[in-house]
Amino acid sequence: MVTDKTVYIVGAGFSKEASAPAQEDLVKKIFEIDRDHPQEFEDNSVQKFRAFLTNVLLVPRKLHDSIPLEDIFTPLDRCIADNVSFRNLSVKDTLNTRDLIYYLIGKTLECTLRSSAKDYIDQFAKYITDKSSARKGHRYANLDPVSVISTNWDTLLDDSIKSQISTHYPNNAVVDYCCHFSSFEPNDQSVMPGLEMLGLGGFSVKLLKLHGSLNWLQCPKCLRLYVDFHNRIAIEQYMTPVNCRYCDAQFGKQGSHKLISNLIMPTFLKNFSNPQYKLIWQAAGIELSEATRIVFIGYSLPQADFEMRQLLARMVRKDARIVVVDYGDPNDQLITEKRKRYEVFFGKRKPEFFLEGARQYILNLLEE
Ligand SMILES: [Zn+2]
């Protein structure tokens with residue numbers, strides 16, 4: 001089978017044009033929302049976070065805005081993984097603190113993106129959904145033109161694809177996260193694994209979210225992954241915990257199978273031992289190995305993202321065409337640094353650069 005295949009790799013810059021905050025601004029954004037719209041957050045949640053920064057991390061209040069997420073999550077996750085206390089916090093308190101920060105981050109993204117200008121994301125969703133539809137009618141063995149790998153938690157693209165499907169291909173397509181997942185709402189036929197839909201003669205739109213998603217929850221007992229497109233379930237479970245309905249049926253209602261968020265946080269020791277993430281990362285490797293063209297949109301290829309870099313180093317073909325979409329003046333220092341990073345990394349596969357941003361790139365794509 002020799003066909004052209006494009007894999008899009010989307011990072012923070014992809015959502016940024018729809019006004020998503022950059023990761024380094026998330027903590028600042030939490031405090032901004034709390035100042036301007038305090039009713040958005042559960043009572044005391046922001047105060048508890050401030051108390052953690054002040055009393056545990058010993059960061060004075062005037063510096064709260066600038067603490068990097070890595071400095072929060074790297075010690076928390078290490079203590080949880082090694083089952084040791086973190087300063088004056090017991091292991092259980094440490095887990096609760098991580099839950100609290102998960103909630104604040106999720107809620108902050110949700111508030112910021114509620115009314116975002118995401119027309120270009122809708123158009124991109126339409127483009128990849130239409131492309132993927134070539135696979136319907138059991139033609140998937142010979143056709144696989146496109147997939148998207150994302151490092152973002154937000155569901156801007158997921159929601160746009162879902163709405164394309166509901167409008168143009170109802171009951172005929174699904175968003176495929178390329179792992180084993182179940183619908184959060186029982187009997188929701190619009191959520192099913194991609195292979196199941198392909199078997200039914202429909203098609204799937206592949207979206208591989210390497211760091212998880214705000215519309216996922218996982219059962220800590222059976223490790224099933226639940227997906228919902230109507231609610232940001234990873235945020236809501238902080239106030240209204242939900243149990244795994246399969247484990248409820250097998251073991252009775254118990255706290256041991258309360259669903260939890262499994263987002264991968266920015267730390268220097270990310271834990272991908274979770275079997276669902278193993279599947280996603282393995283599938284991402286296969287997608288990359290099949291790609292004749294790889295388009296990075298708003299992804300800066302940082303050194304800290306070494307898991308992604310090793311995946312790219314291992315799996316991208318030597319004849320793959322590399323395109324990098326970013327926004328900025330070519331002479332800007334950040335852009336020249338980024339450019340250098342890509343050029344050194346991909347070497348002979350000379351990356352091409354498009355510096356007019358994601359929105360413009362997608363508009364051009366549709367005109368082709
Ligand atoms: Zn379960």
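This is a predicted model: local features need pLDDT of at least 70, side-chain atom pairs count only at pLDDT 80 or more; totals for chains, interfaces and linings use all residues.
Local features were considered at pLDDT of at least 70 and side-chain atom pairs at pLDDT 80 or more, whereas totals for chains, interfaces and linings use all residues. Residues are numbered from 1 along each chain as its sequence is written.

The C-alpha atoms of the protein fill a box of roughly 60 × 55 × 40 Å along the principal axes. The radius of gyration is 21 Å, which agrees with the value near 21 Å for a compact globule of 368 residues (taken over C-alpha atoms; the globule rule is 2.2 Å times the number of residues to the power 0.38). The secondary structure comprises 14 helices and 10 strands, defined as DSSP runs numbered from the N terminus (helices H or I, at least four residues; strands E, at least two). Of the 368 residues, 37% count as buried. A residue is buried if 20 or more other C-beta atoms, placed from the backbone, lie within 10 Å of its own, exposed if 12 or fewer, and partly exposed in between. Among contacts with a separation of 6 or more, 76% are between residues 24 or more positions apart (contact: C-beta atoms, placed from the backbone, within 7 Å).

The domain assignment gives domain 1 (6-20 + 117-179 + 193-212 + 267-367), domain 2 (23-113) and domain 3 (216-257); such bounds come from an automatic or database assignment. The centres of domain 1 and domain 2, taken over C-alpha atoms, are separated by 29 Å. Their contact takes 11 residues from domain 1 and 10 residues from domain 2. On the domain 1 side, 7 of these residues are nonpolar, 3 polar and 1 charged (nonpolar: Ala, Val, Leu, Ile, Met, Phe, Trp, Tyr, Cys and Pro; charged: Asp, Glu, Lys and Arg; polar: the others, Gly among them).

The largest nonpolar core has 86 residues, with Tyr226 and Ile297 making the most contacts inside it. Helix α5 (residues 91-113) supplies the largest share of this core, 7 residues. A nonpolar core is a set of buried Ala, Val, Leu, Ile, Met, Phe, Trp, Tyr and Cys residues joined through C-beta atoms within 7 Å. Beyond its neighbours within four places in sequence, Ile297 is in contact with Tyr8, Val10, Gly13, Phe14, Val325, Ala358 and Tyr361.

Two non-glycine residues with positive phi were examined. Asn44, in the loop between α2 (26-36) and α3 (45-56), has a phi of about 70°. Asn44 counts as exposed because it has 10 C-beta neighbours inside 10 Å. His138 has a phi of about 60° and lies in the loop between α6 (119-132) and β2 (146-150). With 13 C-beta neighbours inside 10 Å, His138 counts as partly exposed.

Conventions
Two residues are in contact if their C-beta atoms, placed from the backbone, lie within 7 Å.
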